[in-house]
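Colleague: I would like to go through the terms used for this model and hear what stands behind each one. Please set each value against its definition.

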Amino acid sequence: MENPGLVVRGQAAPFSTALRSLVNNPQYSDICFVVGQERQEVFAHRCLLACRCNFFQRLLGPGVPSPVVLSTVPAEAFLAVLEFLYTNSVKLHQHSVLEVLTTAVEYGLEELRELCLEFVVKVLDVELVCEALQVAVTFGLGSLQERCIAFIEAHSQEALRTRGFLELSATALLPVLRSDKLCVDETELVQAARNWARVGAAVLEQPVAEVAAPVVRELRLALLAPAELSALEEQNRREPLIPVEQIVEAWKCHALRRGDAARSAPCRRRRGTRPRDHHRFLDLRFK
């Protein structure tokens, strides 16, 4: 009977170091990419990319000329992907990890995606959290979305002031506004929603109220005191944001002193809701 043999392994570190030296090295390279808006040239090796990643196997089929233009992926993220494909390891940075994560998802690199997710959770902070939430919602990364929402709930005031918050899509903003655990008062949340809608209106060249329409129903106007609601109503006349009928529903809650006076007007207090005299009439018990 033939001896099946024994697999023996050399040291992994020198092998990884040697392969890392080939990343973006024009020597022996047989494919060039032009990457990102800066159109940076990146050199690679077809056989290695094709055997490590189905995306590149399809992209670099027979007859594909060099260079290959990949204008939507930032150069730094693309080089991180190559580093992982060559060495099965990668150095991640807080400022670029979401771009690496996005590229990993788009290229079907599940192991790199998981490494990026672990890193994001470790470095999550106020400046990163809304950008991470947007990526999570866009690509259906449920566990990351939950982590981001929990972080925003604990650091609500700070998160609402970030550029990332203003750049959220309506789909990403909705789960934030639906949360009972936000540590922020409704007056501040209304103002944050207005700021968000103003930015969207400028970018999309649409009216503020039109941009805000998908999300404003989640604002709990019945929590506002009568004087606050009157001030909001006046501001809403000058700069429409909230449908008039939604404000009317909030006034009904005040008039009838019942939280169920209008089913479409949410009356649950959030964790950061400041107490008002009328709250005792709304049967609001925080869970």
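Modeller: A record comes first: UniProt lists residues 29-94 as "domain: BTB", in an unreviewed entry. UniProt positions follow the numbering used here, feature names are shortened, and annotations may be inferred rather than shown by experiment. Over residues 29-94 the chain is 39% helix and 20% strand, with the end C-alpha atoms 30 Å apart. This is a predicted model, in which local features need pLDDT of at least 70 and side-chain atom pairs count only at pLDDT 80 or more, while totals for chains, interfaces and linings use all residues. Residues are numbered from 1 along each chain as its sequence is written, and side-chain values use heavy atoms, with hydrogens and water left out.

Colleague: Why is Leu 98 called buried?

Modeller: Buried means under 20% relative accessible area, exposed over 50%, and partly exposed in between (1.4 Å probe, protein chains only). Leu 98 has a relative accessible area of 10%, so it is buried. Leu 98 lies in helix α5 (residues 97-106); helices (H or I, at least four residues) and strands (E, at least two) are DSSP runs, numbered from the N terminus.

Colleague: What is Leu 98 in contact with, leaving aside its neighbours within four places in sequence?

Modeller: Contact means heavy atoms within 4.5 Å. On that basis, Leu 98 touches Val 120, Leu 128, Glu 131, Ala 132 and Val 135, with neighbours within four places in sequence left aside.

Colleague: What makes α5 mostly covered?

Modeller: Seven of the ten residues of α5 are buried. They are Val 97, Leu 98, Val 100, Leu 101, Thr 102, Thr 103 and Ala 104. These buried residues pack against α4 (75-87), α6 (110-123), α7 and α8.

Colleague: What makes α12 roughly parallel to α14?

Modeller: Helix α12 (residues 186-204) and α14 pack at an angle of about 10 degrees, with axes 12 Å apart. That angle is under 35 degrees, so α12 is roughly parallel to α14. The contact involves Thr 187, Val 190, Gln 191, Arg 194 and Arg 198 of α12, and Glu 228, Leu 232, Gln 235 and Asn 236 of α14. By class there are two nonpolar, four polar and three charged residues. Ala, Val, Leu, Ile, Met, Phe, Trp, Tyr, Cys and Pro count as nonpolar, Asp, Glu, Lys and Arg as charged, and the others, Gly among them, as polar.

Colleague: Which residues of α7 and α8 meet?

Modeller: From helix α7, Val 126, Val 129, Cys 130, Ala 132, Leu 133, Ala 136 and Val 137 meet Leu 144, Gln 145, Cys 148, Ile 149, Phe 151 and Ile 152 of α8. The classes in this contact are twelve nonpolar, one polar and no charged residues.

Note on methods
Axes fitted to C-alpha atoms, helices over the stretch in contact; angles between N-to-C directions. Parallel < 35°, antiparallel > 145°, perpendicular 65-115°, else oblique.
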